[in-house]
Amino acid sequence: MVLRQLFAGDLPELVMFDLDGTLVDSVPDLAAAVDQVLLGLGRAPAGLARVRDWVGNGARVLVRRALAGGLQHERVGEAEAEQALALFMAAYAESHALTRVYPGVVETLDWLRGRDIPLAIVTNKPERFVAPLLDEGPGQLFPLDSRRRHLAPAETRSGRSVACVASGQGRGAPGPVRR
């Protein structure tokens, strides 16, 4: 496995994963919610491809980009953005049916669990959306009991490495970061 190569034969003490764009492709659901908001505001839908270009900086920025119709969103008014953000959060809460686990993710997580390596999620996604994706969503990636475990500081100071796997804000292939 690549982790052994990255860490000179030793496995990391902990592996942390970014959620969106690394473990799951949630853009189809995000795009559906964005389009629902835009249509509700009397605007044309953005579509999957445009939303895929806009993700990576949280819901607030995504909504502002959707209102602006592009990456540059500085001219979007605060009141308009807040109204659209509330509509987006409600729309996104309705369903995660289009979100998919990337190929190889479940096998990788199982492999790591089989070696008793603690796993963690690092995400800017609000908790009310994270829990359904991890506990009940595609692949049941992180059952509730393992997801709620908190690491004591001593557990990460053994001298072994910690790996963080992130996608680069959804714009590139996932890659490991070493500590």
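Of the 179 residues in the chain, 41% are buried in this predicted model. The accessible surface amounts to about 9,700 Å², and carbon and sulfur atoms contribute 55% of that surface. Among contacts in the chain with a separation of 6 or more, 65% are made by residues 24 or more positions apart. The chain contains eight helices and six strands. Read from the N terminus, these elements follow the order α-β-β-α-α-α-α-β-α-β-α-α-β-β.

Two helix pairs, both involving helix 5, were examined for their packing. Helix 5 spans residues 78–94, and helix 2 comprises residues 27–40. The axes of helix 2 and helix 5 lie 8 Å apart and form an angle of about 135°. This angle lies between 115 and 145 degrees, so the two helices are classed as oblique to each other. The crossing of helix 2 past helix 5 is right-handed. On the side of helix 2, the residues that meet helix 5 are Asp29, Leu30, Ala33, Val34, Gln36 and Val37. Their counterparts in helix 5 are Ala84, Leu87, Phe88, Ala91, Tyr92 and Glu94.

The second pair consists of helix 4, residues 59–68, and helix 5. Here the axes are 9 Å apart, with an angle of about 115° between the helices. Helix 4 and helix 5 are therefore roughly perpendicular to each other. As helix 4 passes helix 5, the crossing is right-handed. Helix 4 contributes Ala59, Arg60, Leu62, Val63, Arg64 and Leu67 to this packing. The residues of helix 5 that they meet are Glu78, Glu80, Ala81, Glu82, Ala84, Leu85, Phe88 and Met89.

Arg60 and Glu82 form a salt bridge in which the closest N and O atoms are 2.3 Å apart. The two residues are separated by 22 positions and link distant parts of the chain, with Arg60 in helix 4 and Glu82 in helix 5. Arg60 has a relative accessible area of 44% and is therefore partly exposed. Glu82 is likewise classed as partly exposed because its relative accessibility is 37%, a value between the limits of 20% and 50%.

In total, the model contains six salt bridges. One of them joins the side chains of Asp20 and Lys125, with an N to O distance of 3.4 Å. This pair also links distant parts of the chain, its members being 105 residues apart. Asp20 occupies the loop between strand 1 (14–18) and strand 2 (24–25). Lys125 is placed in the loop between strand 4 (119–122) and helix 7 (127–136). Both partners are buried.

A further salt bridge is formed within a single helix. The side chains of Asp110 and Arg113 meet at 3.5 Å, N to O. Both residues belong to helix 6 (residues 105–113), and because they are three residues apart, about one helical turn separates them. Asp110 is partly exposed, its relative accessible area being 45%. Arg113, at 31% relative accessibility, is also counted as partly exposed.

With a relative accessible area of 2%, Leu23 is buried. Its C-alpha atom is separated by 5.9 Å from that of Tyr102, although Leu23 and Tyr102 are 79 residues apart along the chain.

Gly70 lies in the loop between helix 4 and helix 5. The relative accessible area of Gly70 is 17%, and the residue is therefore classed as buried, the limit being under 20%. When neighbours within four places in sequence are set aside, Gly70 is in contact with Arg50, Trp54 and Arg65. The C-alpha atoms of Gly70 and Asp53 are separated by 8.8 Å, and these two residues are 17 positions apart along the chain.

Terms used. Residues are numbered from 1 along each chain as its sequence is written. This is a predicted model: local features need pLDDT of at least 70, side-chain atom pairs count only at pLDDT 80 or more; totals for chains, interfaces and linings use all residues. Side-chain values use heavy atoms; hydrogens and water are left out. A salt bridge is a side-chain nitrogen of Lys or Arg within 4 Å of a carboxyl oxygen of Asp or Glu. Helices (H or I, at least four residues) and strands (E, at least two) are DSSP runs, numbered from the N terminus. Buried means under 20% relative accessible area, exposed over 50%, partly exposed in between (1.4 Å probe, protein chains only). Contact means heavy atoms within 4.5 Å. Accessible areas come from the Shrake-Rupley method with a 1.4 Å probe; for residues, only the protein chains shown count as cover. Axes are lines fitted to C-alpha atoms, for helices over the stretch in contact, and angles run from 0 to 180 degrees between N-to-C directions. Angles under 35 degrees count as roughly parallel, over 145 as roughly antiparallel, 65 to 115 as roughly perpendicular and the rest as oblique. A crossing is left-handed if the near helix is turned anticlockwise from the far one by less than a right angle, and right-handed if clockwise.
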